Amino acid sequence: MDVDIAVIGGGPAGATAARLIGRAKRETILIERNLQNEKPCGGGVLSKAFSEFNIPPSLIKKKVESIRIVSPQGNAQDIALDETFLAIVHRQEFDAALRNAAADEGAGIVEGTFTDIHTGGKLTTLTIKTAQGETSIRARHVIAADGVNSAVLKRMLGRFPRRVYTAHEIHKGGLAVDRCEFRFNSVTPPGFYSWIFPHKDGVSVGTGSERTGEVDPFLDGLVSALKLSPNVRRRGYFIPVWDGSLYYKNGVYFVGDAAGMALPFTYEGIYYAMRSAEFAVAALLEGTPALYKKLWQSAYKKRYLVMRALQRYFLKNDDRMEKLVSLYGHARIKEASVRLWCRDDMKINLVGGFSALIKKYAGA
Ligand SMILES: Cc1cc2nc3c(=O)[nH]c(=O)nc-3n(C[C@H](O)[C@H](O)[C@H](O)COP(=O)(O)OP(=O)(O)OC[C@H]3O[C@@H](n4cnc5c(N)ncnc54)[C@H](O)[C@@H]3O)c2cc1C
């Protein structure tokens, strides 16, 4: 089969890419290995994603209007999100709705697993395994949106993106939460945090680490500290660690987790996966691959660098985590970090302003 554009992976990045390509009236097929997939995920998405990508608000299971951060000594700061909120979605439903939106714009959806790629000629050849057997697809352009365990990246460059391992459990009942809580302390793995998030079916509790073996014992500790049942199914998965090195390679655009696009420190990836897809599609439709990196960097590079610097500095040890939480006692820090986190308002030099504030109050 020959096709103009093949998108591999039907999560937020791939489904958004296919939707935008379909809207531009270009021929595309989206290849997803499991149309019932429920990605292990906290499901927290910035509310602006719904208006920017025209996503039905009916997919929002819960609205989170405040965040609590807790220090090693147990001091807590509540951060009101004011004019915005964090929407909690159910990933199986959310991803399926995004793929349906792509189909409505004319994208073909194929259930199949990508296994191989041959680049170099005018057409890129993909090998796809479906329930009917193995098939070849030849595409003029390819978008790799197959997540953090990207088989496309592995086949092309022999590696996965750098990543942290995370695990979480969904507890039904026993703990009612209506805000997202982040705990920073030496009983969570170094450089990471633990989270307690509302979930469609109860509460999601989890943590992560670049050292995979550390995650289970730390999560056991959190489950026990919260007096939750120890017998709940635990699901683990990786989240990429951003390094900003991968956009386009040998005719293939890499987007979302496959390109390592999760925001440092918070590890949010859903919104940024969708935005990276939008930039890659703009470049593809223009016929200028370098435009992808340019658009992404102008929108997010500063924010990602600041978030990574904050993570490296403040999550180093308990003293610094204590300092981080105490900083949120300053109204200006609270307000500036909500703006940095939620808004794309770079005209007021948001990132520079935030860094200056942190330096002023923390001497960091
Ligand atoms: C435990 C956990 C909690 C998280 N919580 C949050 C959160 O609260 N908020 C947030 O913003 N982010 C969160 N993230 C990160 C977020 O899940 C990802 O950043 C986001 O899903 C990336 O979207 P994507 O489309 O790039 O990749 P994915 O969502 O991983 O989608 C990739 C798709 O490709 C398909 N695929 C994979 N391989 C193949 C193949 N060989 N052939 C065909 N299809 C294939 C997969 O089935 C999948 O549907 C969390 C991650 C984890 C692990």
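Here are some questions and answers about how this predicted model is put together.

User: What kind of model is this, and how are residues numbered?
Analyst: It's a predicted model, where local features need pLDDT of at least 70, side-chain atom pairs count only at pLDDT 80 or more, and totals for chains, interfaces and linings use all residues. Residues are numbered from 1 along each chain as its sequence is written.

User: Which domains is the chain divided into?
Analyst: The bounds come from an automatic or database domain assignment. The chain is divided into domain 1 (2-41 + 90-162 + 241-288), domain 2 (44-89 + 164-239) and domain 3 (303-362).

User: Which element gives the largest share of the side of domain 1 that touches domain 2?
Analyst: The centres of domain 1 and domain 2, taken over C-alpha atoms, are 26 Å apart. Their contact (C-beta atoms, placed from the backbone, within 7 Å) takes 17 residues from domain 1 and 17 residues from domain 2. On the domain 1 side, α3 and α6 are the elements that give two or more residues; helices are DSSP runs of H or I with at least four residues, strands are runs of E with at least two, and both are numbered from the N terminus. The largest share, 4 residues, comes from α3.

User: Are α1 and α3 roughly parallel or roughly antiparallel?
Analyst: The axes of helix α1 (residues 12-23) and helix α3 (residues 91-104) come within 8 Å and cross at roughly 15°. Axes here are lines fitted to C-alpha atoms, for helices over the stretch in contact, with angles from 0 to 180 degrees between N-to-C directions. Angles under 35 degrees count as roughly parallel, over 145 as roughly antiparallel, 65 to 115 as roughly perpendicular and the rest as oblique. So α1 and α3 are roughly parallel.

User: How do the residues of the contact of α1 with α3 divide?
Analyst: From α1, Pro12, Ala15, Thr16, Ala18, Arg19 and Gly22 meet Asp95, Leu98, Arg99, Ala101 and Ala102 in α3. Ala, Val, Leu, Ile, Met, Phe, Trp, Tyr, Cys and Pro count as nonpolar, Asp, Glu, Lys and Arg as charged, and the others, Gly among them, as polar. That contact comes out as 6 nonpolar, 2 polar and 3 charged.

User: Is the crossing of α1 and α6 left-handed or right-handed?
Analyst: The α1 and α6 axes come within 8 Å and cross at roughly 35°. A crossing is left-handed if the near helix is turned anticlockwise from the far one by less than a right angle, and right-handed if clockwise. This crossing is right-handed.

User: What is the angle between α6 and helix α7?
Analyst: α6 passes α7 in a right-handed crossing. Phe279 and Ala283 of α6 are among the residues making the contact, along with Leu295 and Trp296 of α7. The axes of α6 and α7 (residues 290-314) are 8 Å apart, at an angle of about 145°.

User: Which residues come nearest the ligand?
Analyst: A residue is near a molecule or strand if its C-beta atom, placed from the backbone, lies within 6 Å of it. The shell draws at least three residues from each of domain 1 and domain 2, and divides into 16 nonpolar, 16 polar and 6 charged. Of the 38 residues around the ligand, the nearest are Gly11, Gly42, Gly147, Gly256 and Gly269.

Terms used. Two residues are in contact if their C-beta atoms, placed from the backbone, lie within 7 Å.
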